[in-house]
Amino acid sequence: MATVGVGQVDVAFTPLLPGSVFVAEPAGAVLSYSFDEDGQDTTSFRDTSPSRLNATCTGASCPAIGRAGHSGSALWFDGVDDYLTVPNSAAINPGAAQDFTVALWVRPESIQPTATNSDSDVVEKWAGADGYPYVIRYLNPGAGTDAGKIAVARYDGSGGPNPGIRSTKLVNDGRLHHVAFVKRGGTLALYIDGQPDGETPDTTVAATTNTSALYIGRRGNGINSYAGLIDDLRIYGRGLSGDEIAALYAGAGPLLQLDFEDGWMTGGATVTDQSGWQHDGVLDAGTGDTAGKAVTGQVGVHALSLDGVDDYVEV
């Protein structure tokens, strides 16, 4: 009986047509966090943009590191007292006429422990006073029929215009979702998972800038804490195009990566997709076959041994 081994499977695509989403990451970031830091007590998260605005936390307010993210690791916020602070800077404080893009990955928890309002705040350039250039909020069960959606907005502090958008797509399905809030000229746009999900005129006329720090995981005045994952936060000082948003969502890595590094794989086992796209496979070893299929690999520690008869992985 023939036996074959599989060490790793990567799947990617080469763009053949102009306008393909598989392009380089957009230029011009003024804030960029991968949240891939190592260590048990990380209190500073590196901004790799030219702004060098590291995000910080202290003690119990620090989110948990090392959770599986879309790309590498993500941070997990407990929805009680976890948050990050980014110092105020003109680079991340756009005025009423200045374009911008705020983009990140989120996976909200089904329960938001300290939700006193209908929104659990993911990204807030606001401490509760004056206007604000942008906010990104998750609508918790207190939002009624809008629960599970994303809300984005800006405000000019005049007591009047407060333009915002609520997504039509839900993000409360336990999976990671990409969110992008964009201002291009007189239009605000929301994208979910690389696709347009609403737009509205930007009616702000007075100052949207403020002196508040940028808060990740809650509002600056200490309310509306967010529970869930946050990964790959980026801010741009321009309004990215739809193709660029799609490129941020698609990324440059493989769309499927099965490394078969589980130490014991039998029929029915989940084969985890390491690409970040959550396309996990399931090992089918045929009727009555309970043998372990993990063997010593050529790449990494393990490989998957298939019997050449009825073994296969379905994705």
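Tutor: Start with confidence. This is a predicted model. The mean pLDDT of the protein chain is 86, and 80% of its residues reach 70 or more. One stretch calls for caution: over residues 12-23 pLDDT stays under 50. For that stretch the model has twelve contacts beyond four places in sequence. Where pLDDT is low, the predicted coordinates should not be read in detail.

Now take strand β18, residues 227-236. Ten of its ten residues are buried, so β18 is largely enclosed by the rest of the structure.

Next, its strand partners. β3 (residues 29-33) pairs with β18 in the antiparallel sense, over four bridges. There L31 has I235 of β18 as its bridge partner. β7 (residues 73-78) also runs antiparallel to β18, and four bridges join the two. In that pairing W76 stands opposite L229. β9 and β18 are antiparallel too, joined by seven bridges. Here V106 has I230 of β18 as its bridge partner.

Helix α1 spans residues 242-250, and its buried residues are I245, A246, A247, L248 and A250. The cover over them includes β18, along with β9 (100-108), β14 (177-184) and β15 (187-192). After α1 comes G251, with a positive phi near 70°.

A search of the whole structure finds eight aromatic pairs. Two of them are worth a look here.

First, F35 and F45. Their rings are edge-to-face, 6.0 Å centre to centre, with 75° between the planes. F35 sits in the loop between β3 and β4, F45 in strand β4, ten residues apart. F35 is buried, with a relative accessible area of 1%. F45 is buried as well, at 0% relative accessibility.

Second, W105 and Y249. This pair is stacked: 5.6 Å centre to centre, 25° between the planes. It links β9, which holds W105, to helix α1, which holds Y249, across 144 residues. W105 counts as buried at 4% relative accessibility, while Y249 counts as partly exposed at 22%.

Now the charges. The structure holds 13 salt bridges. One of them involves the loop that leads from β17 (214-216) to β18: R219 lies in that loop and E124 in strand β10, so the pair ties together parts that are 95 residues apart in sequence. The closest N and O atoms of E124 and R219 are 3.6 Å apart. E124 is buried, with a relative accessible area of 0%. R219 is buried too, at 10%.

This contact belongs to a network. Salt bridges that share partners join D119, D121, E124, R137 and R219. Within that group, D121 forms a salt bridge with R137, with the closest N and O atoms 3.6 Å apart. D121 is in strand β10 (residues 119-124) and R137 in strand β11 (residues 132-139), so this pair ties together parts 16 residues apart in sequence. Both ends are enclosed: D121 is buried at 0% relative accessible area, and R137 is buried at 12%.

The charged end of R218 sits over the ring of Y83, 3.6 Å from its centre.

Key: Residues are numbered from 1 along each chain as its sequence is written. This is a predicted model: local features need pLDDT of at least 70, side-chain atom pairs count only at pLDDT 80 or more; totals for chains, interfaces and linings use all residues. Side-chain values use heavy atoms; hydrogens and water are left out. Buried means under 20% relative accessible area, exposed over 50%, partly exposed in between (1.4 Å probe, protein chains only). Contact means heavy atoms within 4.5 Å. Two strands pair if DSSP finds at least two bridges between them. pLDDT is the predictor's confidence in each residue, from 0 to 100. Rings of Phe, Tyr and Trp (its six-membered ring) pair if their centres lie within 6.5 Å; planes under 30 degrees apart count as stacked, over 60 as edge-to-face and the rest as tilted. A charge sits over a ring if NZ of Lys or CZ of Arg is within 6 Å of the ring centre and within 35 degrees of the ring normal. A salt bridge is a side-chain nitrogen of Lys or Arg within 4 Å of a carboxyl oxygen of Asp or Glu.
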